[in-house]
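Visitor: I am new to this structure, so please show me how to read its features step by step.

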Amino acid sequence: HSPSRAVSMLNFTHALTRAVPHSFANDALRLDWSKNIVYERAVKQWRKYTEILTKCGLEVVTIPADERYPDCVFIEDSALVIGQRACLTRPGHPNRRGEVQAVKDELKRLKIETVELDDPSALLDGGDIIFTGQEILVGDSTRTNEEGAMSLQRAFPEFPVTRIPIKGCLHLKSVASLGNEGVIIVGGSQAGSAVLQNLKQRAQGQYKFVQLDDDCAANVLFVNGNAIIKSQKEIGPSNFRKLTEALTVPCLEVEFDEFYKADGCLSCCSVLLQTPGK
Ligand code: CIR
């Protein structure tokens, strides 16, 4: 794929988001249950996040929260949209499967074609997917299996799917993200270093890799020529400097620590898309 095609695939008109349910604070899944989430603070951070998406030129469309699904704010896990086609996922954790239907309905309303995974044994979380414009990287994690990756490949035959083993963290995007066109940011943990090694060996596209000190800074949301990054207070001066030096696009800071307590990253809270005719 030519770079210009890749660029246009990474230009978006809308961000689909989902409001934070009250059940998020007590019941959102988390690897470390000692983390105490403050609901009001989470809502405040989520609002700022949607304001920044608007600043990046996106129309933000918000699906109401569903109290039955404490993790529903992490809408990225429900669908991958490339161009005008969305592939709905089948989240690996059974508690999260019911989140997908409302996302499907909203995508249809926005005139996005929706396709389903064609294999009933497929498991796939959007947090395991990085679409780089050149290929689709898919984590092989506790939430996403080979059938999920293969089924996604059939949904988007025009881009190669490359599987990346994940150990020691939740998702591929817990330790890696696209920071800019052709630039992949990776976290500094053991899990992050293993992902970096596998990306270097397996990725089919051309990328520059930037490794940070920690994982908490490695999830960047690249939106229409801007990089949304976590605040310097949250990620510390060294990660912040490395990021802002590596990314040659304007960096917009947002505080997101209430979501990180539930293993959520910046990318988790939106599905970026381009509606037909724009
Ligand atoms: C979960 O365990 O499913 C949520 N607490 C976190 C989901 C994070 N989602 C993402 O990275 N896309």
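Guide: Let us begin with a pocket, where the largest share of the lining of the second largest pocket, five residues, comes from α3. Helices (H or I, at least four residues) and strands (E, at least two) are DSSP runs numbered from the N terminus. The model is predicted, with local features needing pLDDT of at least 70 and side-chain atom pairs pLDDT 80 or more, while totals for chains, interfaces and linings use all residues. Residues are numbered from 1 along each chain as its sequence is written, and side-chain values use heavy atoms, without hydrogens or water.

Visitor: Which residues line the second largest pocket?

Guide: The general idea is that rolling a probe the size of a water molecule over the atoms shows where empty space is left. On a 1 Å grid over the protein atoms alone, a cavity is a set of points where a 1.4 Å probe fits but cannot get out, a pocket is an open set with protein on both sides within 12 Å along at least five of seven lines, and lining residues have an atom within 4 Å of a point. In this structure, the second largest pocket is lined by Arg41, Lys44, Gln45, Lys48, Ile52, Glu253, Val254 and Glu255. Both α3 (39–55) and β14 (251–254) supply at least two residues of that lining. The space in this pocket is about 170 Å³, where a volume is the space filled by probe spheres set on grid points joined across faces, edges and corners.

Visitor: What is the volume of the largest pocket?

Guide: The largest pocket has a volume of about 220 Å³. It is lined by 15 residues, of which Leu31, Cys169, Ser174, Tyr260 and Asp263 are the closest to its centre. By class, its lining has six nonpolar, three polar and six charged residues, whereas the second largest pocket has two nonpolar, one polar and five charged ones. Here Ala, Val, Leu, Ile, Met, Phe, Trp, Tyr, Cys and Pro count as nonpolar, Asp, Glu, Lys and Arg as charged, and the others, Gly among them, as polar.

Visitor: How many cavities of 30 Å³ or more does the structure hold?

Guide: There are two cavities of 30 Å³ or more, and the largest cavity has a volume of about 400 Å³. Of the 20 residues lining the largest cavity, Glu76, Phe131, Lys173, Leu221 and Leu272 are the closest to its centre. Two or more residues of this lining come from each of β3 (79–82), β6 (129–131), β9 (176–180), β12 (221–223) and β15 (271–273). The lining of the largest cavity divides into 14 nonpolar, four polar and two charged residues.

Visitor: Which residues line the second largest cavity?

Guide: This cavity, with about 40 Å³ of space, is lined by Ser8, Met9, Asn11, Phe12, Val81, Ile82, Gly83, Leu272, Leu273 and Gln274. The elements giving two or more residues to its lining are α1 (3–9), β3 and β15.

Visitor: In which sense do β3 and strand β4 pair?

Guide: Two strands pair if DSSP finds at least two bridges between them. Here β3 and β4 (residues 85–88) pair in the antiparallel sense over four bridges, and Ile82 stands opposite Arg85 in β4. Their hairpin has two residues between the strands, and Gly83 takes a positive phi near 60 degrees there. β4 and strand β5 (residues 113–115) run parallel, joined by three bridges, and Ala86 has Thr114 in β5 as its bridge partner.

Visitor: How many residues surround the ligand?

Guide: The ligand is surrounded by 13 residues, the closest being Leu29, Asp71, Glu76, Arg96 and Ala262, with near meaning a heavy atom within 4 Å. By class, this shell has five nonpolar, two polar and six charged residues. A nitrogen atom of the ligand is 2.8 Å from a polar backbone atom of Leu29, and an oxygen atom of the ligand is 2.8 Å from an N or O atom in the side chain of Arg143.

Note on methods: A polar contact is a pair of N or O atoms within 3.5 Å; within protein, one must be able to donate a hydrogen and the other to accept it, and residues adjacent in sequence count only if both atoms are side-chain atoms.
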